[in-house]
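Colleague: I am new to reading protein models, and I would like to learn how to go from a single residue to the strands around it. Could we go through one example together, step by step?

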Amino acid sequence: MRTLSRLRRRKFRFRFHRKKRGDRVSGSARLATMGETLFFGACLLLGAVTLGLIVFWYVLPQWRVNRYFLETTCRVLVEPGVEKREEMETTLYQPTIRYEYAVDHMRYVGDRYDLLDTRYAERDKAEAVSAAFTIDETYPCWYDPLEPGIAVLSRGSLLAYWALLLPVAFLAIGVGGLGYTVWQFSASRERRAAIVQKATGKELFEDASEAGKFPSIPGNADVTNSPGTTLAFRLPIISRAGWHLFAMTLACLIWNVTVAFFLFLAIRKFVTGDADLVFLVAMVPFFASGIWLFVNLGRQFWRSSGIGTTRIEISDHPLRPGMEYDLFIAQTGKMHLENLDVTLLCEEEATYRQGTNTITDTEAVFCEQVFSQSEIIMEPSQPYQEHCRLRIPASGMHSFQGLNNSISWKLSVYACVARRPDHTRHFSVVVVPAVSEGAQA
Amino acid sequence: MNDWKTSIRLIGDDHSYQPGEMLSGEFFVQIDEPQDIRAVEVSVLWFTEGKGDEDMAVHYFERISNENGQFVDMRKSQQFATELPESPLSYDGVIVKIHWCVRIRVFLSRGRDFVTEQVFRLGNVPRGRAVVEGADLDSEPEALEQSAPASPADDATPRSDAVPDGDAADSPA
């Protein structure tokens, strides 16, 4: 005997506390808006102030050097070196290059490498800068025509411009967030929805596409893009098994490699006569967990590899309530199927947020067996194939897809295989509303 | 402060419509000072109710504004009409319910607004019923309720206090 619970899914995430849902709104909307406004306002202020400071202290002087400073030549007066400086409990190194240059027959002495007097955390970098200059040699330099006493040997790096990225990011967050808050506050929910729908191409009035004909119903391109070999369309399988297996394999590998490393350290200590018994005992639960992961992974492989492919084809798609369709079921593999059942299932799915958790609940509202066969002996060369009829109930609700709520129809294939775990595979179908009497006329 | 009341009237006997059918109606606002109305928004929309967070989509939207210098006296009947879509149909499920309504949102001066709704049914999908846990699928099939859908008249009363998104809906003084 098979029960519905085998076919049902219930996604539940662990939560540390449960909040009262009550009237659904657990906080004050006005308070939330105020909080958002304050947060985005703070971002905007921080971004604007930081941007102003960076522009004033770094970007503008750098820009002036590149744009207005005039080029001339200079001669290095003393052997270039590196000066060690202690600034805010940090040791920094600054290249010291003393040079002379002439502007309008006036002699000036400069010691700036660049306008920002860059200091380096590593001595090597400062030495590399000063090593590029030799005493008594001449080099190009740039001086300020408004203040000829200021000159530099390097016109600077792009660092000043990169430094702008951080305040600009804060500014963008602040402006975007405040704009969104104002938008939320100033326009009604309906108006916002209408504008968003229009902007995203979901026209309010007319849309000639299939998706536009049946708003809020998932498209059936996944099915119609895949023609069947016996009937018109091959139904797509709803499968998360591959990802589960991948995630499990990855977790198993990471865990066991880590445990193996620590085990190696423990064994090496033991062999060298410096055995750490506490460490060895502490390793036991981790080692046991690793074994458990291996066993679980093996079971998953065994489960997924033991059953061949299941294929379901259907004579037409999308489906309509009250209509009947041909169904073709094919199962491959070498096994003894004690039972093979195909069930038509309609489920409501609701997603809601509870505190910081997102929970999805599922409720089946229709469940009907469309095919059942017992004691099937299968050979690899001879896949099991069968035809049957599928009828969508006339009173059935159509498929529906919202952001948080959905109604989905699917065919669930349940295989009870001898000496193996039971196996269920789901195939999605899309049900659209029945043709109304007015439309038929 | 003004007393106000919005009346919505849908054309049709039982507030039940079929996909593709024309939904038409009228509304007017009973208010002492019609100049206090900044704008009125007429929406034909669906929203979900039940266990999940609310979904909503607007099928028809019109904003009648008094702010552009052209005064529209909302005390007089204002008509609206739209062709209803093929989906989603009204549905009264176990954890998912889909409702259609005409929503009139009146914006008054000083930033206040109030909402009035007139619920109607689109299609005639029967009420959903949970499949009994542990039911033997080899026996009787579990089916959606075969009885007639719940009458829309049950919830067709205009609601002046319904503000699903938590916006302020001030009551009259």
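Modeller: Let us begin with one side chain, keeping in mind that this is a predicted model. B:W46 has a relative accessible area of 6%, and because buried means under 20%, this residue counts as buried.

Colleague: Which ring is paired with that of B:W46, and how should I describe the pair?

Modeller: A pair of aromatic rings is described by the distance of the centres and the angle of the planes. Here the rings of A:F400 and B:W46 have their centres 5.4 Å apart and their planes at 75°, and since planes over 60 degrees apart count as edge-to-face, the pair is edge-to-face. This pair crosses between chains, for A:F400 belongs to strand β15 (residues 400–401) of chain A, while B:W46 belongs to strand β4 of chain B. A:F400 is also buried, with a relative accessible area of 1%.

Colleague: How many aromatic pairs are there over all chains?

Modeller: The count comes to 15 aromatic pairs over all chains. One of them joins A:F39 and A:F40, whose ring centres are 5.2 Å apart and whose planes stand at 70°, so this pair is edge-to-face. A:F40 is buried, with a relative accessible area of 17%. Ring pairs can also link up into a cluster, as they do for A:Y99, A:Y101 and A:Y108.

Colleague: Which strands pair with β4 of chain B, and in which sense, parallel or antiparallel?

Modeller: Strands of a sheet pair through backbone hydrogen bonds, either parallel or antiparallel. In chain B, β4 pairs with β8 (residues 96–108) in the antiparallel sense over 13 bridges, and B:V44 stands opposite B:V102 of β8. Strand β4 of chain B is also joined to β5 (residues 56–65) by 9 bridges, and these two strands run antiparallel as well. Within that pairing B:S43 stands opposite B:F61, and β4 and β5 of chain B form a hairpin with 5 residues between them.

Colleague: Where do charged side chains lie over aromatic rings in chain B?

Modeller: Two cases can be located in the model. B:R63 lies over the face of B:F107, at 5.3 Å from the ring centre, and B:R103 lies over the face of B:F47, at 5.8 Å from the ring centre.

Colleague: What is the strand order in the open sheet of 3 strands in chain B, and which strands stand at the edges?

Modeller: The order in this sheet of chain B is β1-β3-β6, with antiparallel pairing. Strands β1 (4–10) and β6 (78–83) of chain B stand at the edges with a single partner strand each, so one side of each is left without a neighbour in the sheet. The twist averages 20° from one strand to the next. Strand β3 (residues 22–31) of chain B is joined to β6 by 6 antiparallel bridges, and B:E26 stands opposite B:Q79 in β6.

Colleague: How would you describe chain A as a whole?

Modeller: Its secondary structure comes to 10 helices and 17 strands, and of the 441 residues of chain A, 37% count as buried. Chain A exposes about 26100 Å², with carbon and sulfur atoms supplying 60% of that area.

Note on methods:
Residues numbered from 1 in each chain as written. Chains lettered and ligands numbered in written order. Predicted model: local features only at pLDDT ≥ 70, side-chain atom pairs only at ≥ 80, totals over all residues. Heavy atoms only, no water. Pairing = 2+ DSSP bridges. Helix = DSSP H or I, 4+ residues; strand = E, 2+ residues; numbered from the N terminus. Phe/Tyr/Trp six-rings, centres within 6.5 Å; stacked < 30°, edge-to-face > 60°. Buried < 20%, exposed > 50% of the residue type's maximum accessible area, 1.4 Å probe, protein only. Lys NZ or Arg CZ within 6 Å of the ring centre and 35° of its normal. Areas by Shrake-Rupley, 256 points an atom, 1.4 Å probe, with all protein chains shown as cover. Axes fitted to C-alpha atoms, helices over the stretch in contact; angles between N-to-C directions.
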